[in-house]
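Dear colleague,

Here is the structure I said I would pass on. My notes on it follow below.

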Amino acid sequence: MCSKNRSEVADFLKLYLVFESSMLKLPLDEFMEQVIEGGITAFQLRDKNVPARKRAENGKRAAEFCRNSNIPFIVNDRLDIARILAADGVHLGDKDIPLDIAGNEFGEFFYGYSCNNSDDVKYAASCSAAYIGIGPIFDTSTKRDLREILDKGKIRELAFAADIPSVGIGGINRTNVDSLKNTGLNGIAVVSAICASENPYRETRILRELVEEL
């Protein structure tokens, strides 16, 4: 498994964009230009609402923007697409290919893992995950099979138990990000707040400023 420096990972988790092209109000290239200028620190290709062919096409274009700006390009779930696009990392969850198997068989990537409880955190740590995603934090319509929504105390408990960098995910936007102060999170992962925005640059800029205060 590709190793990553802990402080480097913590830095790129600040404003982690989870991409869904079906939400976009702008052409892909224009969207990518705006979010990069606005200050995203990592990009995850999720794009689960489109066929795999289109996901790979979108990912290829987005990856070019990310590489030109030294932003980590991460693929959700699909190791095949990650390999085709020469991604930097892969993000997995409890319903995906097991993290330990993926890490052993496809060691060219660093891995993130979605955590909702202490068992998830222990598993991620035992598999040398580079970071964990903690959530869902708020209710969200972008994921159908939601696990238990976590309160602030539980978020803090998991973040400090992990001993690896963590990013919060699930319904985060400019109106609620302030409530995540002092939780131990290194940053936030955002989907619709940016992807569905009419002005992705402005929304990204606002969120980046807010997350710097966590």
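**The barrel and what packs on it**

Strand 7 (residues 166-169) and strand 8 (residues 187-190) run parallel and are joined by 3 bridges. Within this pairing, Val167 stands opposite Gly187 of strand 8. Please keep in mind that this is a predicted model.

The two strands belong to a barrel closed by 8 strands in the order 1-2-3-4-5-6-7-8, with parallel pairing. From one strand to the next, the twist averages 25°. Helix 3 (residues 52-68) packs on the sheet and touches strand 1 (15-19), strand 2 (42-45) and strand 3 (73-76). The direction of helix 3 makes about 160° with that of strand 3. Helix 9 (residues 200-211) lies across strand 1 and strand 8, and runs at about 155° to strand 8.

**Gln34**

Gln34 sits in helix 2 (residues 28-38). With a relative accessible area of 18%, Gln34 falls under the 20% cut-off and therefore counts as buried. Leaving out residues up to four places away in sequence, Gln34 touches Leu26, Asn199, Pro200 and Tyr201. In the case of Tyr201, the backbone nitrogen lies 3.0 Å from a polar atom of the Gln34 side chain.

**Aromatic pairs**

A search of the whole structure gives 8 aromatic pairs. One of them is formed by Phe12 and Phe110, whose ring centres are 5.5 Å apart. Their planes stand at 40°, so the pair is tilted. This pair links distant parts of the chain, as Phe12 is in helix 1 (residues 6-12) and Phe110 is in strand 5 (residues 110-115), 98 residues apart. Phe12 and Phe110 are both buried. They also belong to one aromatic cluster with Tyr16 and Tyr131.

Phe109 and Tyr111 make an edge-to-face pair, with 6.3 Å from centre to centre and 85° between the planes. Phe109 is buried at 1% relative accessibility, and Tyr111 is buried with a relative accessible area of 0%.

**Helix 6**

Which residues of helix 6 (residues 118-126) are buried? They are Asp120, Val121 and Ala124. Seen down the axis of helix 6, these residues fall within an arc of 100°, so they line one face of the helix. The cover over them includes helix 5 (99-105), strand 5, strand 6 (131-134) and helix 7 (152-162). The face turned away from the buried side carries the exposed residues Asp119, Lys122 and Ser126.

At the start of helix 6, a side-chain oxygen of Asn117 comes to within 3.1 Å of the backbone nitrogen of Asp119. After the helix comes Ser128, which has a positive phi near 60°.

**Ala87**

Ala87 lies in the loop between helix 4 (79-84) and strand 4 (89-92). Its relative accessible area is 7%, so Ala87 is buried. Neighbours within four places in sequence aside, Ala87 is in contact with Arg67, Phe73, Val75, Ala82 and Phe109. Ala87 is 50 residues from Glu37 in sequence, and the two C-alpha atoms are 21 Å apart in space.

**Backbone points to check**

Most residues other than glycine have a negative phi, and most peptide bonds are trans. These places depart from that:

- Asp47 has a positive phi of about 50° and is not a glycine. Asp47 is in the loop between strand 2 and helix 3, and is buried with a relative accessible area of 0%.
- Asn70 has a positive phi near 55°. Asn70 is in the loop between helix 3 and strand 3, and is exposed with a relative accessible area of 73%.
- The peptide bond from Gly135 to Pro136 is cis, with omega near 0°. Pro136 is found in the loop between strand 6 and helix 7.

Best wishes

Notes: Residues are numbered from 1 along each chain as its sequence is written. This is a predicted model: local features need pLDDT of at least 70, side-chain atom pairs count only at pLDDT 80 or more; totals for chains, interfaces and linings use all residues. Side-chain values use heavy atoms; hydrogens and water are left out. Two strands pair if DSSP finds at least two bridges between them. Helices (H or I, at least four residues) and strands (E, at least two) are DSSP runs, numbered from the N terminus. Axes are lines fitted to C-alpha atoms, for helices over the stretch in contact, and angles run from 0 to 180 degrees between N-to-C directions. Contact means heavy atoms within 4.5 Å. Buried means under 20% relative accessible area, exposed over 50%, partly exposed in between (1.4 Å probe, protein chains only). A polar contact is a pair of N or O atoms within 3.5 Å; within protein, one must be able to donate a hydrogen and the other to accept it, and residues adjacent in sequence count only if both atoms are side-chain atoms. Rings of Phe, Tyr and Trp (its six-membered ring) pair if their centres lie within 6.5 Å; planes under 30 degrees apart count as stacked, over 60 as edge-to-face and the rest as tilted. The arc is that of the directions from the helix axis to the C-beta atoms.
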